[in-house]
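This report describes one protein chain and the two ligands modelled with it. Please keep the sequence and the structure in view while reading.

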Amino acid sequence: MSKLPKVFGFFQRKFGQLIAVVAVVVLAQIAWTTYREAPVPDLTSATAASTAGHKVDPTDNRGKPLDGLSARQLQAFEEGKVLFKKKFTVKEGLGPLFNGESCFECHGQPSNAVGGEGRDNSSTSIVNFARRIPTSPKAKKPMAEVIETLGKRDVDFFLEKGGPSLQKRSITTENPDLLPFDVQVDADMIPPNADIISPRHSPPLFGDGLIDNIADADIIANSIKQNIEHPDLAGRPISAVDRYTESPRVGRFGWKNQNVNLFNFTTGAMNIELGLTTYLSATENSSKSFGIFPKEVYQILPPGPNDKGEILVKLNYFQALLAPPKRGEITEEVKRGEKHFQDLNCAVCHQPSMVTAPNGYVVDPDSPLPNLKYLRLDALSNQKIYPYSDFLVHQMGKELADGIPQEGARGGEWRTTPLWGLRFKKFLLHDGRTQVIHDAIMFHGGQAEKSKNDYARLPKQEQDELLAFLRSL
Ligand code: HEC
Ligand code: HEC
């Protein structure tokens, strides 16, 4: 009797020590794992809580190339990546006006994933500006009444004042000693009579090579299907001319589907954002009409076109081979959320999947202009992809309308934003106005008004399930 408590006490003491030791080991382990797993700080993680989790995600493949590439293909991808990150100089063709010194500057978050979105919502965005033509009947009405329907005929893009897109920087504002004081190069200014000003966020480019290879007919088919099954939600395909082949194609890039393929977008971005001219976009931007500069400016500029094509094809190749975002974890909650996504008709516009053309191609990175060659790539052909977009434009209501018509898209129309990779995105909607997915849904109007209202009426738990689904994309 008397021994038992003693023995017990002994064990109790030992047990206590054991617990203490175990606790220390466990705590140390937790501390170490947390330390090891702490995300590398980048600008995306700062506010990621609203759009994504904080843990390192094994499905995060941002900036990686497509699977199944050969050694030569990977090498060309890396060469293109170097050019995408490269800061160009005036001698190499930067400017006279520009918005960035590299593509990476605006498509660089997170910084270890080249091809990502803009790091902030001012310096890495662009601004389009215009005004209603004073003689247009739509100029006599309050803007809110006409903003959604403004078309190209109603709008003046200030081509004589540096429009349609603002270039915020110039070679002399950054290098004041480059030219004498009386021939400084003015950056664009938004004219005081501009009544349409549209900031645009820079989107991530992951998976764009696959989008490039969706057949035109399949995008048109999406519109026809919607017209039959959901006429109120039906979107429109946008037609634009391919600058290289000079033939019309179906638009799929840019916030308004204004651009038909990556090759054209890259040409445009080189010219408009960096000031690098190519055969396809050979005139320098100016704050007056295109190409209008004092002769002293031309004396210090390298001869045009700044790029004979070598840079363009390699940049294009790099972007075309960027892997699409991988799907995140699919839990039971996510599956329930997916059902709401269908029931609310989100999936009519944000169409879950498409298949790329049988002959997926990319421009040969060794075939400079004007003699482009195309390479067929298995990794781009017949691929079932999950972009969650129909690649059509929809009227999205007054709150989202910016009043800028682009190609066939009107002032209130926007391309259905692909939702793949949504969990990694920091800024949402065309102008990056919110970082909260719930708010992005609540800004939907126009053709998506009913869908939004139905979402708003869901019980909180079902809204959370829908959001969990969106955070798995
Ligand atoms: C100053 C910031 C800035 C720079 C520099 C820049 N971009 Fe962009 N990029 C944007 C913005 C903003 C958009 C959206 C434009 C729109 O649709 O109105 C965009 C859109 C794109 C798109 C279309 C993506 C899609 O899914 O629709 C591609 C492709 C692209 N950029 C490639 C490039 C390349 C290549 C370069 C370098 C030659 C470059 N960008 C330089 C800001 C920038
Ligand atoms: C009528 C077509 C349509 C319907 C229906 C629709 N959307 Fe959208 N969605 C769009 C368009 C177009 C945009 C781009 C709007 C913009 O940026 O101004 C968009 C943007 C978004 C975005 C922001 C994505 C980003 O990266 O910026 C999210 C999130 C989204 N939609 C989710 C939903 C959900 C959830 C539903 C259902 C409740 C829904 N959408 C219904 C067309 C639609």
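In the classes used below, Ala, Val, Leu, Ile, Met, Phe, Trp, Tyr, Cys and Pro count as nonpolar, Asp, Glu, Lys and Arg as charged, and the others, Gly among them, as polar. The structure is a predicted model.

## The shell around ligand 2

Ligand 2 is surrounded by 27 residues, of which the closest are Cys346, Cys349, Leu428, His430 and Ala448. By class, this shell around ligand 2 holds 17 nonpolar, 9 polar and 1 charged residues.

Three helices each supply at least two residues of the shell around ligand 2: α13 (346–349), α14 (437–442) and α15 (449–457).

## The shell around ligand 1

Ligand 1 is surrounded by 27 residues, and the closest are Asn99, Gly100, Cys103, Cys106 and Gly254. The shell around ligand 1 divides into 13 nonpolar, 10 polar and 4 charged residues.

Helices α9 (262–274) and α11 (310–320) each supply at least two residues of the shell around ligand 1. The largest share of that shell, 7 residues, comes from α9.

Is helix α11 mostly covered or mostly uncovered? Helix α11 is mostly covered, with 10 of its 11 residues buried. The buried residues of α11 are Ile311, Leu312, Val313, Lys314, Leu315, Asn316, Tyr317, Phe318, Gln319 and Ala320.

These buried residues of α11 pack against α4 (71–85), α7 (208–212), α9 and β9 (361–363).

## A sheet of three strands

An open sheet of 3 strands has the order β3-β2-β5, and its pairing is antiparallel. Strands β3 (155–156) and β5 (196–200) stand at the edges, each with a single partner strand, so one side of each is left without a neighbour in the sheet. Strands of a sheet pair through backbone hydrogen bonds, either parallel or antiparallel.

Strand β2 (residues 126–132) pairs with β5 in the antiparallel sense over 5 bridges. Along this pairing, Ile126 stands opposite Arg200 in β5, and Phe129 stands opposite Ile197 in β5. Strands β2 and β3, which run antiparallel, are joined by 2 bridges, and Arg132 stands opposite Val155 in β3. Of the 7 residues of β2, 5 are buried, so β2 is largely enclosed by the rest of the structure.

How do helices α12 and α16 pack, and at what angle? Helix α12 (residues 332–343) and helix α16 (residues 460–470) pack at an angle of about 100°, with their axes 7 Å apart. Angles of 65 to 115 degrees count as roughly perpendicular, so α12 is roughly perpendicular to α16.

On the α12 side, the contact is made by Glu333, Val334, Arg336, Gly337, Glu338, His340 and Phe341, which meet Glu462, Glu465, Leu466, Leu467, Ala468 and Phe469 in α16. By class, the contact of α12 with α16 has 6 nonpolar, 2 polar and 5 charged residues.

## The chain as a whole

The protein chain contains 16 helices and 13 strands. Of its 473 residues, 44% count as buried. Among contacts in the protein chain between residues at least 6 apart in sequence, 71% join residues at least 24 apart.

Definitions and conventions:
Residues numbered from 1 in each chain as written. Chains lettered and ligands numbered in written order. Predicted model: local features only at pLDDT ≥ 70, side-chain atom pairs only at ≥ 80, totals over all residues. Pairing = 2+ DSSP bridges. Helix = DSSP H or I, 4+ residues; strand = E, 2+ residues; numbered from the N terminus. Near = placed C-beta within 6 Å. Axes fitted to C-alpha atoms, helices over the stretch in contact; angles between N-to-C directions. Parallel < 35°, antiparallel > 145°, perpendicular 65-115°, else oblique. Contact = placed C-beta atoms within 7 Å. Buried ≥ 20, exposed ≤ 12 C-beta atoms within 10 Å, placed from the backbone.
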